[in-house]
Amino acid sequence: MTLKIAVIGAGPSGIYVAEGVKKKLPDTMVDFIERLPTPFGLVRFGVAPDHQGTKKVINQYEKFFDQEGIRLLGNVEVGKDISVQVLQEHYDAVVIANGAREDKKLGIPGEDLDGVYGSAAFVSWYNSHPDYKDLSPIPEHAKSAIVIGNGNVAIDVARILVKSAEEMADSDLADHTRIAIDNASISDVVIAGRRGPVEASFTPPELRELGKLEHALPVIEGAVIPDELPSHIDTSQPAGRIKGKVLDIFRSFTEMKRDGKDKTIHLQFLASPTAFLGEGKVEAVQFERMELNEDGKPTGTGELFDIPADLVVSAIGYYSQPLEGVPFDEQLGRYPNEEGLIKDNLYVVGWGKRGPSGTIPTNRPCSFKTSQIIMDQVIADPAKQGGAAIDKLLADKGSKVTTFTDWKAIDAVETKTETRQKIASVDEMLAAIEEAI
Ligand SMILES: Cc1cc2nc3c(=O)[nH]c(=O)nc-3n(C[C@H](O)[C@H](O)[C@H](O)COP(=O)(O)OP(=O)(O)OC[C@H]3O[C@@H](n4cnc5c(N)ncnc54)[C@H](O)[C@@H]3O)c2cc1C
């Protein structure tokens, strides 16, 4: 008997959960319900435009979609065009794979000032996400920016702000972003974190890239880098070894010469933002200086200081979006689950399952575990019509559902030029599909 599965979201975790089931039960039919006409989630809209190598995973995903029994129902938003409950009625299993696209807020005064953005919005804008095409976040004469957060997303944002057009030549950065960055010419970027260099969550390859920029020099005060790792870090474990490498890279930054570089990326540690300052638009961020206790936990010293900035991007994490009728942990910003099972025939994978952490490869084994649980628990029910019922329902509503073939039409238009020129509006995507028919 054929299993019929609906996956909400066509990003990495959704693709991997379907791959896990198809490997063992090749007859399984999987419908991906995706709110955009374009699949691949954050691989398209999160991964930085100058990291084209990382985006190559899309080639594997394309092959996956080309097989029998896999469909993309694009331009359909669950929670708006169709409910989770209706999907549960018509499919044997429903898997939420909708990622985490809401910015975590700092909850400090001035967060609503012009010029203050969360990284979900800012990154989506420079990656041409249709929801953010009109954002225009960079003030025309911006010279300085602060990126709050000590993870790889903060590095991505800082790097994109200081790279020249030549350095981005092989990227798929949108024209509107290129123009905004060039018009502003930001020369001073501060990456600020409330903890110390040891506690930062940067990974070595991404951090190393900051030392290879043509026009920007990474600057770090040597005094904040400890001579050796604290005793609570176990260097026999991979995570501990990564910390050691990260400290080595910080040390190498202290020895770098300016060599004509006219831009700076300053790594500011032990600084916790307390307010965004400015009249109508942001002009500075107020920080409290922190110190670390023996376990590496930051505590406030009461000393306040300001850093001026024309633009602030806070990259401190994400929340998943709740879906009506589905249990949701507001505190953690994800769906409570046991190895992916939420309840009945409803499951979750990816950032909605674990929270917003982990790279693209992290999702594969994590989704495979949930695939196994689905196969152990779910028995195909001949009464469930799967996609046939959903197609009719959406057609009756007049929804313009797009397919994987339609994505190929969008892809063909975007890749006519040497580097991809992403279409940043759903209407234009639908027009490109029409034209291809
Ligand atoms: C800025 C940034 C940069 C990153 N860079 C890297 C990197 O360089 N290398 C790396 O390995 N990892 C990177 N990651 C991490 C990686 O992108 C994630 O691990 C991965 O994308 C998570 O997969 P997911 O399927 O859970 O979510 P997503 O990739 O977000 O996919 C979710 C999908 O669900 C869709 N969706 C959402 N809501 C609905 C709804 N209601 N109805 C229908 N569809 C819906 C979305 O449109 C999206 O297509 C980065 C993440 C971010 C945020």
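Me: How much accessible surface does the protein chain have, and what percentage of it belongs to carbon and sulfur atoms?
Reply: This is a predicted model, and the values below are computed from it. The accessible surface of the protein chain is about 19,900 Å². The share that belongs to carbon and sulfur atoms is 50%.

Me: What radius of gyration does the protein chain have, and which value would a compact globule have?
Reply: The chain has 437 residues, and a compact globule of that length would have a radius of gyration near 22 Å. The value for this chain agrees with that expectation. Along the principal axes, the C-alpha atoms fill a box of roughly 70 × 50 × 35 Å. The radius of gyration of the protein chain is 23 Å.

Me: What percentage of the residues in the protein chain is buried?
Reply: A residue is called buried when its relative accessible area is under 20%. Applied to the 437 residues of the protein chain, this gives a buried share of 54%.

Me: Which word describes helix α7, enclosed or exposed?
Reply: Helix α7 covers residues 152-162, and nine of its eleven residues are buried. Among them are I155, V157, I160 and L161.

Me: How many aromatic pairs does the whole structure have, and which kind do F40 and W407 form?
Reply: A search of the whole structure finds 16 aromatic pairs. In the pair of F40 and W407, the centres are 5.6 Å apart and the planes stand at 85 degrees. An angle over 60 degrees counts as edge-to-face, so the pair of F40 and W407 is edge-to-face.

Me: Where in the chain do F40 and W407 lie, and how many residues apart are they?
Reply: F40 sits in the loop between β2 and α2, whereas W407 belongs to helix α14. Both F40 and W407 are buried. Their pair links distant parts of the chain, with a separation of 367 residues.

Me: Why is the pair of F122 and W125 classed as it is?
Reply: F122 and W125 are three residues apart in helix α6, which means that about one helical turn separates them. Both F122 and W125 are buried. Their ring centres are 5.6 Å apart and their planes meet at 50 degrees, so the pair is tilted.

Me: Which residues do ring pairs link into a cluster?
Reply: F40 and W407, already described as an edge-to-face pair, both belong to this cluster. Ring pairs link the members, which are Y16, F32, F40, Y61, F64, F65, F404 and W407.

Technical notes
Residues are numbered from 1 along each chain as its sequence is written. This is a predicted model: local features need pLDDT of at least 70, side-chain atom pairs count only at pLDDT 80 or more; totals for chains, interfaces and linings use all residues. Side-chain values use heavy atoms; hydrogens and water are left out. The radius of gyration is taken over C-alpha atoms; the globule rule is 2.2 Å times the number of residues to the power 0.38. Buried means under 20% relative accessible area, exposed over 50%, partly exposed in between (1.4 Å probe, protein chains only). Accessible areas come from the Shrake-Rupley method with a 1.4 Å probe; for residues, only the protein chains shown count as cover. Helices (H or I, at least four residues) and strands (E, at least two) are DSSP runs, numbered from the N terminus. Rings of Phe, Tyr and Trp (its six-membered ring) pair if their centres lie within 6.5 Å; planes under 30 degrees apart count as stacked, over 60 as edge-to-face and the rest as tilted.
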